Amino acid sequence: MKRLSIHNLHVNLVAGIIAAMTMQTASVAASQPAADTMQIEGSKILTQPGVFGVFTMFKLRPEWNKVPATERMDSAAEVAKLIEKHKDNVLVDLYLTRGLETNSDFFFRINAYDLAKAQTFMREFRSTTIGKNADIFDTLVGVTKPLNYITKAKSPELNAGLSSATYTGDAPRYVIVIPVKKSAEWWNLSSEQRLKEMESHTVPTLPYLVNVKRKLYHSTGLDDIDFITYFETNDLIAFNNLLISLASVPENKYHVRWGNPTTLGTILSPENVIRALAE
């Protein structure tokens, strides 16, 4: 009887622990809205971790110029209607690269809590008039994360510098996208060594935060690159100087790929991008 009692006590204890863990898990899940129920707010989604970014570069086919002018112009409203349809699922930015790039004429940046929502938007875009007359040159996929290195705990002074920096330049007119891939040697450094390298990387960037905006997407395992660096600026000379500064830091030697290609475009409304391409 004594052995049975102990056994029963053990079973009841395990069952209680499992029940408590189940309740706790359910509570946490209940406090975190599912990705498919989260509404898109531009001011929030661009500052949050766990947001997927899809960059898709398009090159228009020669056949696009054979589409009647009225249909080309009407395609601006067609794309605007598609964006409106998906506004609760994705945040859509469209940039003009024609005249600045050889490999593309325009590109999308789609931000979404659910990657499948971004995929659905891009799939439906391919059925629009302009989508049918364009080929994909490249697609980059990444996700936003909290700071890995320059945090309050690991590097308080530099973190304070990053946190206090504010963009004060004129509204950005240009966008630059640079894919980055690190070497195996980088990933085999200790976390302390990587922190030291990233501190040396961060120091020269601080003076430029007043006129260059930067956003980082992590791509390891999601793409053939490790990072997508996204910049906005109205001062391309300052941006050029920033990149020269970054090229001279020791961390740069761990890059296997930097750009190749670098994509430069202008920031316009989606309708104005399509209208420019329809002219």
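**A chat about the fold**

Modeller: Let me start with Lys182, which counts as buried because its relative accessibility is 6%. Bear in mind that this is a predicted model.

Biologist: Okay, and where is the place of Lys182?

Modeller: Lys182 belongs to strand β5, which covers residues 174–182.

Biologist: Which residues is Lys182 in contact with, leaving aside its neighbours within four places in sequence?

Modeller: With those neighbours set aside, the contacts of Lys182 are Trp187, Asp226, Phe227, Glu251, Tyr254, His255 and Val256.

Biologist: And how many residues of β5 are buried?

Modeller: Eight of its nine residues are buried, so β5 is largely enclosed by the rest of the structure.

Biologist: Nice. What about β5 and β7, how many bridges are there, and in which sense do they pair?

Modeller: There are seven bridges between β5 and strand β7 (residues 227–233), and the pairing is antiparallel. If you want a spot to look at, find Ile176, which sits opposite Phe231 in β7.

Biologist: How many bridges join β5 to β9?

Modeller: Four, and β5 and strand β9 (residues 263–267) run antiparallel. In that pairing, Val175 is opposite Gly265 in β9.

Biologist: And β8, how many bridges does β5 have with that strand?

Modeller: Three bridges link β5 with strand β8 (residues 255–258), again in the antiparallel sense. Look for Lys181, which faces Arg257 in β8.

Biologist: Switching to helices. How do the axes of α3 and α4 cross?

Modeller: The axes of helix α3 (residues 69–85) and helix α4 (residues 115–125) come within 11 Å, and the crossing angle is roughly 160°. That angle makes α3 roughly antiparallel to α4, since anything over 145 degrees counts that way. The crossing of α3 past α4 is right-handed.

Biologist: Which residues meet there?

Modeller: On the α3 side you have Val79, Leu82, Ile83 and Lys85, and they meet Phe121, Glu124 and Phe125 of α4. Sorted by class, this contact of α3 with α4 has five nonpolar and two charged residues, with no polar ones.

Biologist: What about α3 and α10, how do their axes cross?

Modeller: The axes of α3 and helix α10 (residues 270–278) come within 8 Å and cross at roughly 155°. That makes α3 roughly antiparallel to α10, and the crossing is right-handed.

Biologist: Which residues of α3 and α10 make the contact?

Modeller: From α3 there are Arg72, Met73, Ser75, Ala76, Val79, Ala80 and Ile83, and from α10 there are Pro270, Glu271, Ile274, Arg275 and Ala278. By class, α3 with α10 gives eight nonpolar, one polar and three charged residues.

Biologist: New topic. Is Ser155 buried or exposed?

Modeller: Ser155 is buried, with a relative accessible area of 4%. You'll find Ser155 in the loop between β4 (134–143) and α6 (156–164).

Biologist: What does Ser155 touch, not counting residues up to four places away in sequence?

Modeller: Tyr149, Ile150, Leu195 and Glu199 are the residues Ser155 touches on that count.

Biologist: Let's zoom out. How many helices and strands are in the protein chain?

Modeller: Ten helices and nine strands make up the secondary structure of the protein chain. Of the 279 residues in the protein chain, 40% are buried. Also, among contacts between residues at least 6 apart in sequence, 80% join residues at least 24 apart.

Biologist: Great, thanks for the tour!

Note on methods
Residues numbered from 1 in each chain as written. Predicted model: local features only at pLDDT ≥ 70, side-chain atom pairs only at ≥ 80, totals over all residues. Heavy atoms only, no water. Helix = DSSP H or I, 4+ residues; strand = E, 2+ residues; numbered from the N terminus. Buried < 20%, exposed > 50% of the residue type's maximum accessible area, 1.4 Å probe, protein only. Contact = heavy atoms within 4.5 Å. Axes fitted to C-alpha atoms, helices over the stretch in contact; angles between N-to-C directions. Parallel < 35°, antiparallel > 145°, perpendicular 65-115°, else oblique. Left-handed = near helix turned anticlockwise from the far one by under 90°. Nonpolar A, V, L, I, M, F, W, Y, C, P; charged D, E, K, R; others polar. Pairing = 2+ DSSP bridges.
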